Amino acid sequence: MPNTAPASAVLDRVLVLEMVRVTEYAAIAASKQIGRGDEHAADAAAVEAMRDALNQLDFDGTIVIGEGERDEAPMLYIGEKVGRAQGTGPKIDIALDPLEGTTITAKAGPNALAVLAIAEEGGLLNAPDTYMDKLAIGPGYPDGTIDLSKSTTWNIQSLAAAKGVQPHEIIACVLDRPRHEALIAELRSLGCGIMLIGDGDVAGVIATTDPETGIDIYIGSGGAPEGVLAAAALRCVGGQMQGRLVFRNDDERGRARRWGITDLDRIYALEDLAQGDVIFAATGVTDGSLLKGVKRRRDGTITTESVVMRASSGTVRRVIGTRRAEPVKRG
């Protein structure tokens, strides 16, 4: 008999912890490539494992944030259908990054994650695979504390005032890229501390919600798909985020229009990026500020650390997984 329950009810009953199992599969597969220097092999392993796990679930899922468009990605491409209840199960939108931090994994660096977010149909921005300007802070600040239409200096001063500190006491997280040279210089001129990260801006955005990281604000451009994933996490734990798509050429503008985006200069608020009931899950591949990485013991036991969050309830669960063998791919 077809499962006719609304998507939100299914999120309640089934999918919260199932999402952890999906990210665990991807993280364990990718972890075999830690430090091996092969970014492609690490990503491919994570993609295959995540796709297999998703296809074991009883829903009618559509990838809205994936590994690229169909012609560019053999698996988990934007628009791909997953789940074993196509046409009968609840319709679920899925944003994913099977390996957030391919370079990190290849070089055995920190903060590589397997990441996934789901929402009811239409709940996640169907963002093209372009860059996005991002601005994010954690919870507890008045609405309007940040504004992507204004300067970096304005945003730092506004945040400092809301926090009750001086601008030089603010710590910003920025991707270490040549394109951020002017941004970094402006932050330095204000006396801000800067945490430069080599990759993994989903973890960078989430870090703004945890006082122990010391990070107050995430600022700069990175992948638009990662922006939607980060927004899904913030919807669950609180915070503010704005994003604006960045187009480098006519091909990228055309790609956006194919996905129904007509206002190319629009600034997206948090709930424009991820709305309704949202579940976010992540499993550590390598050790990082958010999660510990996959560990293999001499007796063959594998341990993982994951986090799963839900917007409607505001719950955050940390899950320590222990398994005695590698996950078995099902036919």
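Which residues is D199 in contact with, once its neighbours within four places in sequence are left aside? I found G101, T102, T103, I104, L175 and R177, where contact means heavy atoms within 4.5 Å.

Before going on, I noted that this is a predicted model, in which local features need pLDDT of at least 70 and side-chain atom pairs count only at pLDDT 80 or more, while totals for chains, interfaces and linings use all residues. Residues are numbered from 1 along each chain as its sequence is written, and side-chain values use heavy atoms, with hydrogens and water left out.

**Entry: the longer site list**

The unreviewed entry gives "binding site" at E100, G101, T102, Y131, R177, P178, R179, D199, G200, D201 and G223. UniProt positions follow the numbering used here, feature names are shortened, and annotations may be inferred rather than shown by experiment.

I placed D199 in the loop between β7 and α6 (201-207). Helices (H or I, at least four residues) and strands (E, at least two) are DSSP runs, numbered from the N terminus. D199 counts as partly exposed at 21% relative accessibility. The scale I used: buried is under 20% relative accessible area, exposed is over 50%, and partly exposed is in between (1.4 Å probe, protein chains only).

I then checked P178, which sits in the loop between β6 and α5 (181-189). P178 is exposed, with a relative accessible area of 72%.

I found D43 in helix α2 (residues 39-54), and at 18% relative accessibility D43 counts as buried. Leaving aside neighbours within four places in sequence, D43 is in contact with E67, L99 and T102. E67 belongs to the loop between β1 and β2 (81-82) and is partly exposed at 23% relative accessible area.

How many of the 10 residues of β3 (residues 91-100) are buried? I counted nine, so the strand is largely enclosed by the rest of the structure.

Two strands pair if DSSP finds at least two bridges between them. β3 pairs with β1 (residues 60-65) in the parallel sense over five bridges, and I65 stands opposite A95 of β3. Towards β4 (residues 113-120) the run is antiparallel, with seven bridges; there D93 has A119 as its bridge partner.

**Entry: the six-stranded sheet**

I traced an open sheet of six strands in the order β7-β6-β8-β5-β9-β10, with mixed pairing. β7 (193-197) and β10 (267-269) are at the edges with a single partner strand each, so one side of each is left without a neighbour in the sheet.

Inside it, β6 (residues 171-175) and β8 (residues 217-223) pair in the parallel sense over two bridges. C173 stands opposite Y218 in β8.

**Entry: helix α7**

Last stop: α7 (residues 224-237), with 14 residues. Of these 14 residues, 13 are buried. Just after α7, G238 takes a positive phi of about 100°.

Note on methods. The expected span of a helix is 1.5 Å times one less than its number of residues.
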